[in-house]
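This report describes a single protein chain from the whole fold down to selected residues. The sequence and the model are shown here.

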Amino acid sequence: LDGHWLKVNQKLGDIVGYTREELLTKTFQDITHPDDLDADLSYISQVIADEIKTYSREKRYFHKDGSIIWINLTASLVRDAAGTPKYFIGVVEDITRRKRAEEQIHFQSLLIANISDAVIATDMQFNIHSWNAAAQALYGWSEADVLNRPLSEFIQSEYSDSTREEAIQALTEDGYWKGEVTQNRRDGTRFPV
């Protein structure tokens, strides 16, 4: 109940870089990021007070080498027959790769939102899923106007048949196409892109 590890498997040791024996000399507080500790202690108090039965949360541990490891912790309390708290059981899942991917996606989203070029993302049926501020400024429609609607309702492109075939082939084979077309703004004016 005071946070000392009683039993650990090798997988936990692999996640945090300690041997099982080293972990048994530590508390979870020793390896928990200080910004996450108060929330942990609050959950523990709630479980001991029988206000909640279990909890699950994302938090950070320090790896033995000092790096930060993101984990998902699910914890519950074992009580004896009289209801007296005995010990906690925790399941720890390493989610570091997922958290890093989420951070990268967040960074890329911020970059796209603030880039000076129009960036429009569609699905394979050309329904609009992302429309940045530069696209709004260039074409005249807000993101709220266009989201989840077909691109063709807002932007019509003019290009030769050979350019169209080249674009379709490149998109199909390579996933991208770069070229010049003429498009329209909301007010009807045409311009080269």
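## Asp40 and its surroundings

Not counting residues up to four places away in sequence, Asp40 touches Phe28, Thr32, Tyr55, Arg57, Lys59 and Leu73, where contact means heavy atoms within 4.5 Å. The model is a predicted one, in which local features need pLDDT of at least 70 and side-chain atom pairs count only at pLDDT 80 or more, while totals for chains, interfaces and linings use all residues. Residues are numbered from 1 along each chain as its sequence is written, and side-chain values use heavy atoms, with hydrogens and water left out.

Asp40 lies in helix 4. Helices (H or I, at least four residues) and strands (E, at least two) are DSSP runs, numbered from the N terminus. The relative accessible area of Asp40 is 0%, so Asp40 is buried. Buried means under 20% relative accessible area, exposed over 50%, and partly exposed in between, with a 1.4 Å probe and protein chains only. The C-alpha atoms of Asp40 and Leu73 are 9.9 Å apart in space, and the two residues are 33 residues apart in sequence.

## The chain as a whole

The protein chain has 8 helices and 7 strands. Its radius of gyration is 27 Å, well over the 16 Å that the globule rule gives for 193 residues, so the chain is more spread out than a compact globule. The radius is taken over C-alpha atoms, and the globule rule is 2.2 Å times the number of residues to the power 0.38. Along the principal axes, the C-alpha atoms fill a box of roughly 80 × 35 × 25 Å.

Of the 193 residues in the protein chain, 27% are buried. Among contacts with a separation of 6 or more, 36% are between residues 24 or more positions apart. The accessible surface of the protein chain is about 12,700 Å², and carbon and sulfur atoms hold 52% of that surface. These areas come from the Shrake-Rupley method with a 1.4 Å probe; for residues, only the protein chains shown count as cover.

The protein chain carries 21 positive and 31 negative side chains, and the centres of the two sets lie 6 Å apart. Lys and Arg count as positive and Asp and Glu as negative, with His and the chain ends not counted. The place of a charge is NZ of Lys, CZ of Arg, CG of Asp or CD of Glu.

## Nonpolar cores

In soluble globular proteins, nonpolar side chains tend to be buried together. A nonpolar core here is a set of buried Ala, Val, Leu, Ile, Met, Phe, Trp, Tyr and Cys residues joined through side-chain atoms within 4.5 Å. The largest such core has 19 residues, and those with the most contacts inside it are Trp5, Val16, Leu23, Ile31 and Tyr61. At least two residues of this core come from each of helix 1 (10-16), helix 3 (28-31), helix 4 (34-48), strand 1 (54-62) and strand 2 (68-79). Strand 2 gives the most, with 5 residues. A second, separate core of 9 residues includes Trp141, Phe154, Ile155 and Phe191.

Leu23 belongs to helix 2 (residues 20-23). With a relative accessible area of 0%, Leu23 is buried. Leaving aside neighbours within four places in sequence, Leu23 is in contact with Trp5, Val8, Leu12, Gly13, Val16, Tyr18 and Ile31.

Ala75, in strand 2, counts as buried at 5% relative accessibility. Beyond four places in sequence, Ala75 is in contact with Thr54, Tyr55, Ile89 and Gly90.

The table lists further C-alpha separations.

| Pair | Distance along the chain | C-alpha separation |
|---|---|---|
| Leu23 and Val92 | 69 residues | 14 Å |
| Ala133 and Ile112 | 21 residues | 8.9 Å |
| Ala75 and Val47 | 28 residues | 9.2 Å |

## Residues with more accessible surface

Ala133 lies in helix 6 (residues 133-139) and counts as exposed at 51% relative accessibility.

Asp50 sits in the loop between helix 4 and strand 1. Although Asp50 is not a glycine, it has a positive phi of about 65 degrees. Its relative accessibility is 40%, so Asp50 counts as partly exposed.

Phe126 is in the loop between strand 4 (120-122) and strand 5 (128-131). Phi of Phe126 is positive, near 65 degrees, in a residue other than glycine. At 47% relative accessibility, Phe126 counts as partly exposed.
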